[in-house]
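I opened this model to check a few helices and one surface patch. My entries follow in the order I looked things up.

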Amino acid sequence: MGCRDVHAATVLSFLCGIASVAGLFAGTLLPNWRKLRLITFNRNEKNLTVYTGLWVKCARYDGSSDCLMYDTTWYSSVDQLDLRVLQFALPLSILIAMGALLLCLIGMCNTAFRSSVPNIKLAKCLVNSAGCHLVAGLLFFLAGTVSLSPSIWVIFYNIHLNKKFEPVFTFDYAVYVTMASAGGLYMTSLLLFIWYCACKSLPSPFWQPLYSHPPGMHTYSQPYSARSRLSAIEIDIPVVSHTT
């Protein structure tokens, strides 16, 4: 496997990253983070369920799909600490993941549309595709951590609310959507790390251009033996040719 080729692992990781970001968008906008179920013992009245999201709040009677009360200003008056943290964490995670997707796209486009013959004049402007994917993997891992940690906290915060008040609070499916999306970000990061480790048989600087030798300098390297691949140092000997 060569780092200058587009492989199924990089394409799959890019698609997985897009799906994960879409899941984070859905989890951020869904009004189904916490349910407050109010049960009445009056036969003439219906039970009421309050759905709490990060930005809106909706109250519905059982068996009804319409909101009896729809609070669009809930985002500015959130009084639950875990939801307030999620208001900052999820958009931040989305921004980090989108930056990682951009790096993946740059790396793949640079690999797919590069010229087979290097241009020495543009050597310093070349992008190291492998370095793009490596940094993107780190960003995907960071985005997954930023979104997963507060999502797990919602589960434990529900236990705290039930102990403090009454056992009427439950977390809703937006928690599962966000946790699954964070898992997708971790999977994307893992695919990029595996691809990078497989394609880089020997270490090299992450952001060094692929063709960085000035004119008149050529690199001669012998094929690596099985023993030389065990070494941690790759030695290329530059030889300067003088023209008369």
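Which residues of α1 are buried? I listed T10, S13, F14, G17, S20, V21, G23, L24, G27 and T28. I took buried as under 20% relative accessible area, exposed as over 50% and partly exposed as in between, with a 1.4 Å probe and protein chains only. An α-helix has 3.6 residues a turn, so residues three or four places apart point the same way.

Notes on the source. I am working from a predicted model, in which local features need pLDDT of at least 70, side-chain atom pairs count only at pLDDT 80 or more, and totals for chains, interfaces and linings use all residues. Residues are numbered from 1 along each chain as its sequence is written, and side-chain values use heavy atoms, with hydrogens and water left out.

Helix α1. I found 22 residues in α1, with 32 Å from its first C-alpha to its last. That is close to the expected 32 Å, the expected span being 1.5 Å times one less than the number of residues. Helices here are DSSP runs of H or I with at least four residues, strands are runs of E with at least two, and both are numbered from the N terminus.

I looked up S13 in α1, which runs over residues 8–29. S13 counts as buried because its relative accessibility is 0%. Leaving out residues up to four places away in sequence, S13 touches T188, L191 and L192; contact means heavy atoms within 4.5 Å. I also noted C104, 91 residues from S13 in sequence, at 8.8 Å C-alpha to C-alpha. L12 is also in α1, but it is partly exposed because its relative accessible area is 48%.

Annotated spans. I read in the unreviewed UniProt entry that "transmembrane region" is placed at residues 6–30, 88–113, 133–161 and 173–196; such annotations may be inferred rather than shown by experiment. In the model, residues 133–161 are 100% helix and 0% strand, with end C-alpha atoms 42 Å apart. For residues 173–196 I have 100% helix, 0% strand and 35 Å between the end C-alpha atoms.

Nonpolar patch. I found a nonpolar surface patch of about 520 Å², made by L81, V85, I152, W153, F156 and I159. Patch residues have over 30% relative accessible area and no salt bridge, and nonpolar side chains are joined within 5 Å. A salt bridge is a Lys or Arg side-chain nitrogen within 4 Å of an Asp or Glu carboxyl oxygen. α3 gives the most, 4 residues. W153 lies in α3 and counts as partly exposed at 31% relative accessibility.

Key. Patches are made of residues with over 30% relative accessible area and no salt bridge: like charges are joined within 9 Å, nonpolar side chains (Val, Leu, Ile, Met, Phe, Trp, Tyr) within 5 Å. Accessible areas come from the Shrake-Rupley method with a 1.4 Å probe; for residues, only the protein chains shown count as cover.
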